[in-house]
Amino acid sequence: MTLQIHQFPCLSDNYGFLIHDEETQTTAAIDTPDPNAILNELHEKQWNLTHIFNTHHHFDHTGGNETLKEKTNCQIYGPQAEKSRIPLIDHPLSEGDTAKLGNFEATILEVPGHTAGHIAYHFAKEKILFVGDTLFVMGCGRLFEGTAEQMWQSLSKLRRLPDETIVYCAHEYSAANAAFALSLTPNDEAVRSRKTAIDAARAKNMPTVPTRMDWEKAANPFLRADSASLAQALHMTGAAPTEIFAETRRRKDSF
Ligand SMILES: [Zn+2]
């Protein structure tokens, strides 16, 4: 029994995801960037939408909730802390709650920083993680509502998951993130080889999502704010990881 995952591009650089349990014929959309694209993909797959799992309130993640609810009467799950900002939410979720899809079960991780109530969906048994805009390939989400301290704690929480965890990020930002990472640590072999792989994939218009937690631990500067090499590269040896994280995020914001 496997959780089927169907990934497709949406809007300019979002990814849509449909996840499906064949036995119970249940299907969830992870966020709703574009309702028409999601309806088309559902039609192609001959899947019926039964659930929406929202990660945070931004419009490119919840903009399709109303249309999809109207067309399918699906149940909508999302963060309790953003309940008032997520259209038609039925099931508000907090840290440690579970969201079931047929035979499968996601545990909710609260990961504030990009927004104040952002959550991730962790299918622990399958080692699959949907992170919305918290963690990207070689990057992380901008700090729109949270502090650097909160985001570093959130990313540290994700980093503690098993190395082989497959990570589904909501945007294709990898090429720009890789260029930024290499600018920080130009002699880091893990960063350099990862950038080469990303550039090769993007040259063929292939997605770089999903990624793996161990790949990100090796080459994503935002997961490495406590590494000596990044501290040295920023001339911040001895500084606290939160300060190093904040400086890395500041530099990326104007890269
Ligand atoms: Zn967002």
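Leaving aside neighbours within four places in sequence, which residues is glutamine 80 in contact with? They are Pro92, Leu93 and Ser94, where contact means that the C-beta atoms of two residues, placed from the backbone, lie within 7 Å. Keep in mind that this is a predicted model: local features need pLDDT of at least 70, side-chain atom pairs count only at pLDDT 80 or more, and totals for chains, interfaces and linings use all residues. Residues are numbered from 1 along each chain as its sequence is written.

- Glutamine 80 sits in the loop between strand 5 (75-79) and strand 6 (91-93); helices (H or I, at least four residues) and strands (E, at least two) are DSSP runs, numbered from the N terminus.
- With 17 other C-beta atoms within 10 Å, glutamine 80 is partly exposed. The scale goes like this: 20 or more other C-beta atoms within 10 Å of a residue's own is buried, 12 or fewer is exposed, and in between is partly exposed, with C-beta atoms placed from the backbone.
- C-alpha to C-alpha, glutamine 80 and glutamate 145 are 16 Å apart in space and 65 residues apart in sequence.

- The largest nonpolar core has 63 residues, and Ala120 and Val131 have the most contacts inside it. Such a core is a set of buried Ala, Val, Leu, Ile, Met, Phe, Trp, Tyr and Cys residues joined through C-beta atoms within 7 Å.
- Helix 4 gives the most to this core, with 5 residues.
- Alanine 29 belongs to strand 3 (residues 26-30) and is buried, with 29 other C-beta atoms within 10 Å.
- Beyond its neighbours within four places in sequence, alanine 29 is in contact with Gly16, Leu18, Ile38, Leu49, Ile52 and Leu68.

**Helix pairs**

- Helix 4 (residues 148-159) and helix 9 (residues 241-253) pack at about 105°, with their axes 9 Å apart. Axes are lines fitted to C-alpha atoms, for helices over the stretch in contact, and angles run from 0 to 180 degrees between N-to-C directions.
- Helix 4 and helix 9 are therefore roughly perpendicular; angles under 35 degrees count as roughly parallel, over 145 as roughly antiparallel, 65 to 115 as roughly perpendicular and the rest as oblique.
- Ala148, Glu149, Met151 and Trp152 of helix 4 meet Pro241, Thr242, Phe245, Ala246 and Arg249 of helix 9.
- The axes of helix 5 (residues 174-184) and helix 6 (residues 189-203) come within 9 Å and cross at roughly 155°, which makes the two helices roughly antiparallel.
- On the helix 5 side the contact uses Ser174, Ala175, Ala178, Ala181 and Leu182, while helix 6 brings residues including Val191, Ile198 and Arg202.

- Most residues other than glycine have a negative phi, and most peptide bonds are trans.
- The peptide bond from valine 209 to proline 210 is cis, with omega near 5°, and proline 210 lies in the loop between helix 6 and strand 14 (211-212).
- Leucine 11 has a positive phi, near 50°, and counts as partly exposed with 13 C-beta neighbours inside 10 Å.
- Glutamine 46 also has a positive phi, near 60°; with 7 C-beta neighbours inside 10 Å, glutamine 46 counts as exposed.
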